[in-house]
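Thanks for asking me to look this one over. Here are my notes, in the order I would go through them with the model open.

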Amino acid sequence: MGDHGESAALQAGLSGALTEFGHRLMARVYYADTDFSGVVYHARYLEFLERGRSDYLRLTGVHHTELADGKHGEKIVWVVRRMEIDFRIPARIDDILTIDTRTETISGARIFMAQQLKRGDEVLVEAKVEAAIIGENGRPRRFPREWMAAFMPKVFPQD
């Protein structure tokens with residue numbers, strides 16, 4: 001059986017899309033994401049949010065594997081330094097979630113991001129994330145200047 005281009009089409013949507021405010025990713029809630037009550041287990045929200053941040057990086061050209069391999073001069077990694085999460089409404093099995101990620105500010109080695117996890121127009125979870133870039137020795141590394149334009153939103157959404 002031939003591929004007939006299906007793989008490329010499937011992969012095109014796999015990482016979500018860059019938007020004028022940052023990044024948007026869709027995800028489905030599966031049985032494995034839920035607890036005994038049928039709602040998404042609280043720790044799983046962290047995984048949905050991580051997928052949003054990781055795919056945001058990937059689509060801007062920043063790949064975790066390249067950073068860890070030292071392809072940008074030295075081995076560097078991203079770490080979450082701080083996270084604040086507001087759980088508002090639970091997600092349930094088979095829900096289709098939208099994960100919106102945007103950069104608020106970049107300062108030195110740190111990037112401050114805001115994320116929303118929604119079901120339709122309904123905001124289920126909001127998160128503020130402070131991430132940093134560190135070198136092999138565990139010390140902070142300045143955010144590369146060439147990444148600034150890729151990560152700063154073209155438009156700030158109206159709340």
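The points below go from the overall fold to the core and its aromatic rings.

1. Please keep in mind that this is a predicted model. The protein has four helices and six strands, and from the N terminus these elements follow the order α-β-β-α-α-β-β-β-β-α.

2. Some totals for your files: 36% of the 159 residues count as buried. The accessible surface is about 9600 Å², with 52% of that belonging to carbon and sulfur atoms. Among contacts with a separation of 6 or more, 65% join residues 24 or more positions apart.

3. The largest nonpolar core holds 29 residues, and the members touching the most others are Phe 48, Trp 78, Ile 111, Leu 117, Phe 143, Trp 147 and Phe 151. Elements giving two or more residues to this core include helix 2 (42-59), strand 3 (76-87) and helix 4 (145-151). Strand 6 provides the largest share, six residues.

4. Beyond its neighbours within four places in sequence, Ile 111 is in contact with residues including Trp 78, Val 129, Ala 131, Phe 143 and Phe 151.

5. How many aromatic pairs does a search of the whole structure find? There are eight. In one of them, the ring centres of Phe 143 and Phe 151 are 5.6 Å apart and the planes meet at 75°, so this pair is edge-to-face. Both Phe 143 and Phe 151 are buried.

Note on methods:
Residues are numbered from 1 along each chain as its sequence is written. This is a predicted model: local features need pLDDT of at least 70, side-chain atom pairs count only at pLDDT 80 or more; totals for chains, interfaces and linings use all residues. Side-chain values use heavy atoms; hydrogens and water are left out. A nonpolar core is a set of buried Ala, Val, Leu, Ile, Met, Phe, Trp, Tyr and Cys residues joined through side-chain atoms within 4.5 Å. Buried means under 20% relative accessible area, exposed over 50%, partly exposed in between (1.4 Å probe, protein chains only). Contact means heavy atoms within 4.5 Å. Rings of Phe, Tyr and Trp (its six-membered ring) pair if their centres lie within 6.5 Å; planes under 30 degrees apart count as stacked, over 60 as edge-to-face and the rest as tilted. Accessible areas come from the Shrake-Rupley method with a 1.4 Å probe; for residues, only the protein chains shown count as cover.
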